[in-house]
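Please open the structure in a viewer and keep the selection tool at hand.

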Amino acid sequence: MTSQTLITKSADLSAKSRAGEVVLAYLDGQATRLRVLEPEVRAGTPDAVHQMRVTARRLRAALQVFPALWPAPVTGPLKDDLQWLGRTLGEARDVEVLSGYLESGLEDLPAELVLGPAKARVTVQFASRAATAREGVDEALDSPRYLALLAGLSELLAAPPRTAAALAPAGDVLPAGVARAWQQTRRRMRRAERTAAGPRRDEALHEARKAARRARYAAEAVTPVYGKKARRFTKRIKALASALGEQHDAVAARAEARDAGVQAHLAGESAFSFGLLHERANADARASADRARHAWHRAAKPKSVRWLR
């Protein structure tokens, strides 16, 4: 019997549905998407690596945020394997983002400010890393560990453990999981706001981003039950996570611009253009942090989170 015959369709779910059914419907959709994306990733379809990485994160978040639904021995290996897959895909995705940032930055500069072989320098800086990351993705998708992950997800969907929490009404169980994810996001954002500007704040914002993603995906999972309230919360927490992601990418791009400038200098080339890119990334990081702060205060409004109480 396939998982599709056991899992309730999202349109038929309500607060009276079993909590396990609600989260299983979400997991089923994401597991299906994972399989659909696999051939696209193998074929090098643009953005496929990013989408598969996000799907792995969604699956892991649902298992993390609602731990009472499934015994730890069942979900522990799945969470570990999803983290491994996400990290592997992330290495390839990070190369795409950072190389694209520097390349587009050079394209945006007036021609007279692109001194020396700056574009070729960027290509050289990322070429071997891109090839290594791509090879890592291919190896991961061909590995026994990936096959075990798919099998584990199929087994969970086909024969989910019948814990007391999974059998309880969704309205009695699931909001608490989303609320915990939200509370963690709130604590981490407050910690970041109290941290002086610099590497420590950048790290604090990155940790807040992780929590915001989990809260967003948790809210997505319960949207069939809570409808407009969950969608509004998801939209606002997504804005926060996106701004924090842009801040993190800008910080990483700033470091890459500096490294490219150092290598250009050591090779006797002009580092001027990379200095401009470094300053651009620095400004982007500050602007993204400001957007995140605005999105955070908007997400924290009572109207947005009242349904979690």
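In which helix does Arg 53 lie? Select Arg 53 to begin: this residue lies in helix α2. Helices here are DSSP runs of H or I with at least four residues, while strands are runs of E with at least two, and both are numbered from the N terminus.

Before going further, please note that this is a predicted model, in which local features need pLDDT of at least 70, side-chain atom pairs count only at pLDDT 80 or more, and totals for chains, interfaces and linings use all residues. Residues are numbered from 1 along each chain as its sequence is written, and side-chain values use heavy atoms, with hydrogens and water left out.

Arg 53 counts as buried because its relative accessibility is 13%. Buried means under 20% relative accessible area, exposed means over 50%, and partly exposed lies in between, with a 1.4 Å probe and protein chains only. Now display the contacts of Arg 53, where contact means heavy atoms within 4.5 Å. Not counting residues up to four places away in sequence, Arg 53 touches Gly 86, Leu 89, Gly 90, Arg 93 and Asp 94.

**Second stop: Asp 47 and Arg 93**

Asp 47 forms a salt bridge with Arg 93, and the closest N and O atoms are 3.9 Å apart. A salt bridge is a side-chain nitrogen of Lys or Arg within 4 Å of a carboxyl oxygen of Asp or Glu. Asp 47 lies in the loop between α1 (19–42) and α2 (48–65) and Arg 93 in helix α3 (residues 72–108), so the pair ties together parts that are 46 residues apart in sequence. Arg 93 is buried at a relative accessible area of 19%, whereas Asp 47 is partly exposed at 35%.

The backbone of Asp 47 also deserves a look. Its phi is near 75°, a positive value in a residue other than glycine. Most residues other than glycine have a negative phi.

How many salt bridges does the count come to? By this rule, the count is 20. Select Arg 280 and Asp 108, which form one of them, with the closest N and O atoms 3.9 Å apart. This pair links distant parts of the chain, with Arg 280 in helix α9 (residues 272–299) and Asp 108 in helix α3, 172 residues apart. Arg 280 is partly exposed, at a relative accessible area of 28%, and Asp 108 counts as exposed at 58%.

Next, select Asp 138 and Arg 134, a salt bridge whose closest N and O atoms are 2.8 Å apart. Being 4 residues apart in helix α4 (residues 118–141), the two are separated by about one helical turn. Elsewhere, salt bridges that share partners join Glu 38, Arg 42 and Asp 142 into one network.

Move to helix α8 (residues 199–266), where Ala 241 is found.

- Val 225 is buried at 16% relative accessibility. Leaving out residues up to four places away in sequence, Val 225 touches Ser 14, Ala 15, Val 22 and Ala 170.
- Ala 241 is buried at 9% relative accessibility. Beyond its neighbours within four places in sequence, Ala 241 is in contact with Arg 209, Ala 212 and Arg 213.
- Ala 250 is buried at 2% relative accessibility. Beyond its neighbours within four places in sequence, Ala 250 is in contact with Ala 281, Asp 284 and Ala 285.

For a distance in space, select Ala 250 with Val 222: they are 28 residues apart in sequence and 32 Å apart, C-alpha to C-alpha.

**Last stop: a charged patch**

Which residues form a positive surface patch? Select Lys 228, Arg 231, Lys 303, Arg 306 and Arg 309, which form it together. Patches are made of residues with over 30% relative accessible area and no salt bridge; like charges are joined within 9 Å, and nonpolar side chains (Val, Leu, Ile, Met, Phe, Trp, Tyr) within 5 Å. Accessible areas come from the Shrake-Rupley method with a 1.4 Å probe, and for residues only the protein chains shown count as cover. Lys and Arg count as positive and Asp and Glu as negative, while His and the chain ends are not counted. The place of a charge is NZ of Lys, CZ of Arg, CG of Asp or CD of Glu.
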